[in-house]
Amino acid sequence: MLPLKKHRFWVNSIGVFFIAVFIFLAIRLAGIQIIDHDKYTKLAKAQQCKKIELPARRGSILDRNGNTLAESLQVGSIYADPTEIEDIPHVAYHLSKILKLNSSKLIKLLNKDKRFVWIKRKIGDEELRAIAKLSLKGVYMSHEYHRFYPNQQLGSHVLGFTNIDEKGIEGIELSFDDMLSGKSGYKLIFRDALQRQIITPDSKVQLPRHGNTVVLTIDANIQHIVEEELGIACEKWMPSSATAIAMDPMTGEVLGMANYPTYNPNHFKKYHSNNRRNLAITDCYEPGSLMKPIVLSGLLEEGIVRPDDVLFCNNGVYEIKGRTLHDTHGGHGNLTVAEIISYSSNIGMAKLGMLMGIQKMYQYLKQFKFGEKTGIELPGEIGGIFRPAKQWSDTYSLVSISIGHEVAVTPLQFITAFCAIPNGGVLLKPSIIKSMVSDDNKIKEEFQHPQLVRRVMNVNIARNMMNPILMKVVTEGTGKSANLFEYDIAGKTGTSQKTSDEGKRYSHEKYVGSFIAYAPADQPRICVLVMINEPQNGAYYGGTVAAPAVREIIRRSLLYLGVEPLKFQMAMQ
């Protein structure tokens with residue numbers, strides 16, 4: 001038995017120890033509850049609380065009649081919380097078997113020191129059900145949206161596509177990405193120690209704000225016609241590329257826009273990037289004889305010539321300042337100004353161009369915005385090539401530009417300029433957007449059409465002089481293969497040589513064949529341009545390789561639009 005003095009010492013020592021421990025714990029507890037309260041609250045919430053994203057649905061893209069061209073559908077995705085997984089090889093084995101993933105890569109992924117990793121996104125219902133049956137701890141399912149293009153390749157170059165996160169990459173998907181995207185919401189869920197979901201007063205939900213719908217000027221039916229007829233032409237002539245555009249000449253609205261080669265935006269990764277180029281706005285070419293009506297309208301506007309004036313066209317061969325010009329559609333002697341366009345005489349057009357002079361020619365063509373972007377609501381547009389007048393050659397430029405060389409245009413740029421003829425002399429800004437509609441079906445913005453840029457020619461010149469001239473191209477001249485029994489068509493053929501040796505000379509093997517026309521000639525409803533780049537199989541003239549496609553696009557489109565054919569009109573008289 002300890003002496004009383006020693007006993008008291010040990011009792012006091014133990015008492016002091018417990019008091020010290022109590023004081024330490026009290027200080028520590030005070031530190032946790034008061035000083036570090038926020039820190040430990042956050043740590044606790046991080047373990048107990050999970051923030052689940054509620055994705056916003058991307059807005060749809062519709063044609064002018066409300067037909068769906070692009071939409072987002074809800075699908076399932078699989079993710080995991082590696083910190084909750086007890087047997088990683090077991091989980092990796094089952095996931096790899098169902099989802100057809102590499103087991104070794106999955107094990108590496110699940111060994112990461114993270115609370116969230118994607119396993120596989122946007123999978124099928126069958127895979128979702130199979131994983132749900134397994135009830136794998138730490139493996140979860142979430143709902144996302146997947147971009148879907150129900151009409152496959154229809155309008156693909158206009159629509160573009162999105163990546164796996166539904167971020168716009170090309171086309172309308174890119175240029176209107178902010179409007180289409182919306183804003184994601186979230187919900188907070190709490191779990192107990194066994195990771196069971198519990199409901200608490202802190203539960204919070206922020207609903208997503210879904211994206212807006214974009215309504216295009218495109219008509220899905222006309223778009224289908226344009227793509228089908230362009231495809232038929234390409235199958236026959238095997239070009240390296242081709243473009244077709246249908247436009248309402250009275251409003252500047254694009255009704256159809258197609259390119260060859262094409263692609264399916266649902267599987268865009270399977271295609272070469274060249275297939276995805278919207279050649280209608282990203283590539284330019286010399287328009288050749290398509291430019292002749294534009295130049296002639298300037299000559300008529302200035303009063304330099306009249307349609308019935310006669311010029312000698314040198315029987316098809318003309319020496320001018322050391323340069324030899326040929327008429328490729330046969331040698332002609334005397335031709336009226338109107339016939340120069342109908343038979344597409346290079347010699348006659350060169351002589352007319354020289355009458356205009358450099359300054360007047362430059363000023364007149366510049367007002368059509370050659371060399372500038374049109375401003376259409378699509379990404380990737382270029383402005384083409386139209387050099388300042390001071391860079392023009394006194395010897396060659398007037399002759400070359402009069403027959404469509406030394407200037408390069410995009411297909412959209414040229415059809416926009418050409419539409420000034422059928423609409424009565426006004427240059428309009430082309431558009432492919434009709435309106436924006438919110439998720440609750442209210443119109444947010446409505447685009448006004450037509451959008452006037454400027455008047456570029458007199459009404460009398462545009463309709464009363466150019467109309468019969470361009471109709472004669474189709475009935476008697478180089479565009480006879482575009483002639484229709486049902487409707488009067490006015491148009492112009494174009495055939496241009498491509499440059500080779502880095503632009504040092506013109507090739508005798510590579511051509512661009514094109515045709516542009518509008519109808520009905522007296523009350524235009526549609527203007528169509530088809531451009532065939534480097535056609536094969538022994539033909540390259542625009543009247544041969546492009547005009548038939550334009551004819552069929554116009555015929556089928558007007559019938560679809562309910563425009564009465566001439567045969568019916570005459571029968572009613």
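Modeller: The model is predicted. Start with the second largest pocket, whose lining divides into six nonpolar, 15 polar and two charged residues.

Colleague: Which strand gives the largest share of the lining of the second largest pocket?

Modeller: The pocket holds about 590 Å³ of space. The elements that give two or more residues to its lining are strand 16 (323-326), strand 22 (490-500) and strand 23 (505-519). The largest share is five residues, and it comes from strand 22.

Colleague: How many residues line the second largest pocket, and which lie nearest its centre?

Modeller: The lining has 23 residues. Those nearest the centre are His-326, Thr-328, Asn-346, His-405 and Gln-497.

Colleague: Is Phe-18 buried or exposed?

Modeller: Phe-18 sits in helix 1 (residues 4-35). With Trp-10, Ile-14, Phe-17, Val-21, Phe-24 and Leu-25, Phe-18 makes a nonpolar surface patch of about 760 Å². Exposed means over 50% relative accessible area. Phe-18 has 54% relative accessibility, so it counts as exposed.

Colleague: How many residues of helix 16 are buried?

Modeller: The cut-off for buried is under 20% relative accessible area. In helix 16, the buried residues are Pro-411, Leu-412, Gln-413, Phe-414, Ile-415, Thr-416, Ala-417 and Phe-418. Helix 16 spans residues 411-418 and is mostly covered, with a buried count of eight of eight.

Colleague: What is omega at the cis peptide bond that joins His-449 and Pro-450?

Modeller: Pro-450 is in the loop between strand 20 (443-446) and strand 21 (452-455). The cis bond joins it to His-449, with omega about 5 degrees.

Colleague: Why does Lys-100 count as exposed?

Modeller: Lys-100 lies in the loop between helix 3 (88-99) and helix 4 (103-110). Its phi is positive, about 60 degrees, although Lys-100 is not a glycine. The cut-off for exposed is over 50%. Lys-100 counts as exposed because its relative accessibility is 70%.

Colleague: What is the relative accessible area of Ser-135?

Modeller: Ser-135 is found in the loop between helix 5 (125-134) and strand 5 (139-148). Ser-135 is not a glycine, yet has a positive phi of about 50 degrees. Ser-135 is exposed, and its relative accessible area is 62%.

Note on methods. Residues numbered from 1 in each chain as written. Predicted model: local features only at pLDDT ≥ 70, side-chain atom pairs only at ≥ 80, totals over all residues. Heavy atoms only, no water. Patch = residues over 30% accessible without salt bridge, like charges linked within 9 Å, V, L, I, M, F, W, Y side chains within 5 Å. Areas by Shrake-Rupley, 256 points an atom, 1.4 Å probe, with all protein chains shown as cover. Salt bridge = Lys/Arg side-chain N within 4 Å of Asp/Glu carboxyl O. Helix = DSSP H or I, 4+ residues; strand = E, 2+ residues; numbered from the N terminus. Buried < 20%, exposed > 50% of the residue type's maximum accessible area, 1.4 Å probe, protein only. 1 Å grid on protein atoms, 1.4 Å probe; cavity = no way out; pocket = protein on both sides within 12 Å on 5 of 7 lines; lining within 4 Å. Points joined across faces, edges and corners; volume = space filled by probe spheres on them. Nonpolar A, V, L, I, M, F, W, Y, C, P; charged D, E, K, R; others polar.
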